[in-house]
Amino acid sequence: MKDAHMQNDLQAPAALARAPYLEAPALQSYTLHLRHGFFGRNGGVSNGVYKSLNAGHGSDDLTENVTENRNRICASLGAEPGQLVTAHQAHTTRTIIVDEPFEPGKAPEADALVTDRPGLVIAALAADCAPVLMCDPHAGVAAAAHAGWRGAVGGVVENAVEVMEGMGAEPNRIIAAIGPCLSQASFEVGPEFAENVLKVSPWADKLFIDGEGDREHFDLKRYLQGRLARLGVGIVEAVADDTLSEPDLYFSYRRGRKAGETDYGRNASAIVLVG
């Protein structure tokens with residue numbers, strides 16, 4: 001993993017294995033307030049197409065393997081096992097406030113989670129879509145959003161920031177980090193895609209470059225950076241990693257489809273407030 005710091009040595013229960021992860025520099029500077037990590041496919045126990053740190057219960061991976069993988073993510077961030085919370089993601093803009101883990105199989109449909117509870121690990125799962133971690137360290141409010149292009153265009157990060165504001169956060173104090181997802185070189189789209197984006201965001205015309213035939217390539221990371229900047233978010237950064245072109249590091253839905261695989265693992269991007 002590139003252009004950021006790898007960590008796997010934080011304090012955690014001694015009996016639990018931990019997984020490596022990537023950090024965004026701006027969030028990393030607030031370790032007295034929060035811990036966060038962009039986890040890829042390494043450091044887990046799953047096999048086959050899910051090898052090895054698949055964090056998605058929505059996959060067909062063995063439940064016990066996914067549970068172990070999620071507990072390793074908790075351990076890496078210094079949290080107790082069972083404290084990782086994810087929603088039933090459906091490419092929506094729905095944002096919900098969480099203060100405790102959901103019961104097994106009862107995660108509500110949403111694509112962004114917000115919390116002010118120390119020790120609760122909120123996470124976005126992705127395998128090409130963009131995960132966005134946010135925090136106002138002074139207010140003690142954090143968010144994790146899953147932003148596929150539909151959610152990004154629809155306003156999932158705007159909804160998450162609005163909910164954060166309702167809990168005391170201020171946009172100019174929020175730090176936002178966009179995690180590993182499709183890079184512009186890997187995000188090939190058709191002409192109807194550009195129409196949908198530019199109808200909502202005319203300023204995004206410079207985020208498309210020509211591909212083969214009628215294909216274009218879209219910069220999802222810069223698009224999200226632009227939308228967050230327009231909200232007045234204080235610091236917005238994006239890691240360079242590309243899920244499609246780095247098979248040893250990340251799960252990728254598009255790569256799996258090209259290989260004829262029927263399922264895929266999920267990368268986890270997680271953040272936890274320190275009490």
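Visitor: Which residues are buried in α4?
Guide: In α4, the buried residues are V156, V157, E158, A160, V161, V163 and M164, where buried stands for under 20% relative accessible area, exposed for over 50% and partly exposed for what lies in between (1.4 Å probe, protein chains only). This is a predicted model, in which local features need pLDDT of at least 70 and side-chain atom pairs count only at pLDDT 80 or more, while totals for chains, interfaces and linings use all residues. Residues are numbered from 1 along each chain as its sequence is written, and side-chain values use heavy atoms, with hydrogens and water left out.

Visitor: And what covers the buried residues of α4?
Guide: The cover includes the strands β5, β6, β8 and β9 together with the helices α3 and α6, with contact taken as heavy atoms within 4.5 Å. Helices (H or I, at least four residues) and strands (E, at least two) are DSSP runs, numbered from the N terminus.

Visitor: How does α4 run relative to β8?
Guide: Helix α4, residues 156-166, lies across β5, β6, β8 (130-136) and β9 (141-147), and runs at about 20 degrees to β8; axes are lines fitted to C-alpha atoms, for helices over the stretch in contact, and angles run from 0 to 180 degrees between N-to-C directions. Helix α6 also packs on the sheet, where it touches β8, β9, β10 (175-178) and β14, and its direction makes about 175 degrees with that of β14. Just after α4, G168 takes a positive phi of about 105 degrees.

Visitor: What's the strand order in that open sheet?
Guide: Six strands form it, in the order β5-β6-β9-β8-β10-β14 and with mixed pairing, two strands being paired if DSSP finds at least two bridges between them. At the edges stand β5 (95-97) and β14 (235-238), each of which pairs on one side only, and the twist from one strand to the next averages 15 degrees.

Visitor: Parallel or antiparallel, for β5 and β6?
Guide: Strand β5 pairs with β6 (residues 112-115) in the parallel sense, over three bridges, and T95 has A112 as its bridge partner in β6.

Visitor: Switching to α5, which residues are buried there?
Guide: In helix α5, which spans residues 191-200, F193, A194 and V197 are buried. They lie on the same side of α5 because they cover an arc of only 95 degrees around the axis, taken from the directions from the helix axis to the C-beta atoms.

Visitor: What do they pack against, and what does the face turned away carry?
Guide: The buried residues of α5 pack against α3 (149-154), β11 (188-189), β12 (208-210), β13 (216-218) and α6 (220-230), whereas the face turned away from the buried side carries the exposed residues E195 and K199.
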